[in-house]
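Please look over the sequence and the 3D structure shown below before reading the report.

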Amino acid sequence: MKKTICVCLVFLFLVLIPLQVMATEEPTFLVGDGTAKPGETVQVPVSIANNSGIIALRIRIAYDADVLTLQSVTDGTLFPGGTVLMSGQVQTNPYTVIWEDSLSRENYTQNGTFVTLQFLVSETAAPGNTTVSVTYDTGSTFDTDLNSVAFSTRNGVVTVQQPQTAPELVVPEGATTVVDADRRFIYGLKLSITQTELLNDYLGVTGSGHLELDSNMGYVGTGAKVRLVDDTSGETAAEYTVILFGDLDGDGMVSNQDIVAAKNMNAQIVEYTMDDAAAFAADLFEDGMLSNQDITILKSMQAGLITLDQSTKEQHKA
């Protein structure tokens, strides 16, 4: 009994395995896959695999005309003989391709790219997948004995990617941030601001980009650089300098060191221009220059007598 069962199992194994191999070797028309963004072109090959032998074929290519526009169909010169005939209008959908060498006495068994399709992706195409399908005419696909040759088909997919837009620095809703596009200064922040607070609460990015900050201190201070990086190119699209009014030394706070720095600039011991970050942060009287009034306001801030609105420089008694 056991011997009989073993013999049966071996028989099934020998029978089923060849059937699986045959199934995988079925003649097939295949459409390749492609990826493109709206407004770009994409090449999609139509290939033949496991060709058992033919002297003629007729296939039809269909696609979503709202997403793709067929621009051209190029013969892949897969078969050395015969003639490839195509639809008269390239915009015809489905698009028909015919090949035949009816006088040939031998079947063609070549495998590879039969034709290549070039599509233009619509500017208004939404991100996602769209199918390019292939079907064939059984009566027009035959061998030297004029017998129809059965083919399976595998459709292709064109993946429409999200278009990459240029990054732009923006101010989140409700934030007090001021972006001076001419000087490339960022102010309207708070004293003792952390990196996380700056990047999450006071600044934002639209488009394909992100922000990088070069400050290594616990607090972000005057002079710190904020870079807007383009994710597509990896390059810096713009660079901005942080300004905290009253913070001249870049530690994110108002201290005696800031008063000393302001006095040195006011006495012209230290050279500066008003486009320098520290000088701009010291102009608290807002007269476009460094003066004794700026130092007086700075001392009042350091002593806790007043607070300064970092967006408008308006003074408030503590």
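**Basis of the description**

This is a predicted model, in which local features need pLDDT of at least 70 and side-chain atom pairs count only at pLDDT 80 or more, while totals for chains, interfaces and linings use all residues. Residues are numbered from 1 along each chain as its sequence is written, and side-chain values use heavy atoms, with hydrogens and water left out.

**Overall form**

The secondary structure of the chain comes to 5 helices and 22 strands, where helices (H or I, at least four residues) and strands (E, at least two) are DSSP runs numbered from the N terminus. With a radius of gyration of 36 Å, well over the 20 Å that the globule rule gives for 318 residues, the chain is more spread out than a compact globule. Here the radius is taken over C-alpha atoms, and the globule rule is 2.2 Å times the number of residues to the power 0.38. Along its principal axes, the C-alpha trace spans about 105 × 65 × 35 Å.

Of the 318 residues in the chain, 38% are buried; buried means under 20% relative accessible area, exposed means over 50%, and partly exposed lies in between (1.4 Å probe, protein chains only). Among the contacts in the chain with a separation of 6 or more, 65% are between residues 24 or more positions apart, a contact being heavy atoms within 4.5 Å.

**Two nonpolar cores**

A nonpolar core is a set of buried Ala, Val, Leu, Ile, Met, Phe, Trp, Tyr and Cys residues joined through side-chain atoms within 4.5 Å. The largest one has 38 residues, and those with the most contacts inside it are Leu57, Ile59, Phe79, Phe114, Leu117, Phe119 and Val132. Several strands give two or more residues to this core, among them E3 (41-49), E4 (56-62), E8 (112-121) and E9 (128-136). Its largest share, 5 residues, comes from E8.

**Aromatic rings**

A search of the whole structure finds 12 aromatic pairs. Rings of Phe, Tyr and Trp (its six-membered ring) pair if their centres lie within 6.5 Å, and planes under 30 degrees apart count as stacked, over 60 as edge-to-face and the rest as tilted. The rings of Phe79 and Tyr108 have their centres 5.7 Å apart and their planes at 70°, so this pair is edge-to-face. The two residues are 29 apart in the chain, with Phe79 in the loop between E5 and E6 and Tyr108 in the loop between E7 and E8, and both are buried. Together with Trp99 and Phe114, Phe79 and Tyr108 form one aromatic cluster.

The rings of Phe245 and Phe280 also have their centres 5.7 Å apart, but with planes at 45° the pair is tilted. Phe245 lies in the loop between strand E20 and helix H3, and Phe280 lies in helix H4, 35 residues apart. Phe245 is buried at 1% relative accessibility, and Phe280 is buried at 9%.

A charge sits over a ring if NZ of Lys or CZ of Arg is within 6 Å of the ring centre and within 35 degrees of the ring normal. The charged end of Lys313 sits in this way over the ring of Phe280, 5.3 Å from its centre, and that of Arg184 sits over the ring of Tyr240, 5.3 Å from its centre.

**Salt bridges**

Side chains of opposite charge can pair when their charged atoms come close. A salt bridge is a side-chain nitrogen of Lys or Arg within 4 Å of a carboxyl oxygen of Asp or Glu, and the count comes to 5. The table lists some of them.

| Pair | N to O distance |
|---|---|
| Arg58 and Asp137 | 3.7 Å |
| Arg183 and Asp180 | 3.2 Å |
| Lys190 and Glu197 | 3.1 Å |

Arg58 in strand E4 and Asp137 in the loop between E9 and E10 are 79 residues apart, so to speak distant parts of the chain. Arg58 is partly exposed at 24% relative accessibility, and Asp137 is partly exposed at 23%. Arg183 is partly exposed, with a relative accessible area of 41%, whereas Asp180 is buried at 13%. Asp180, Arg183 and Asp275 are linked in a network of salt bridges. Lys190 is partly exposed at 33% relative accessibility, and Glu197 is partly exposed at 23%.
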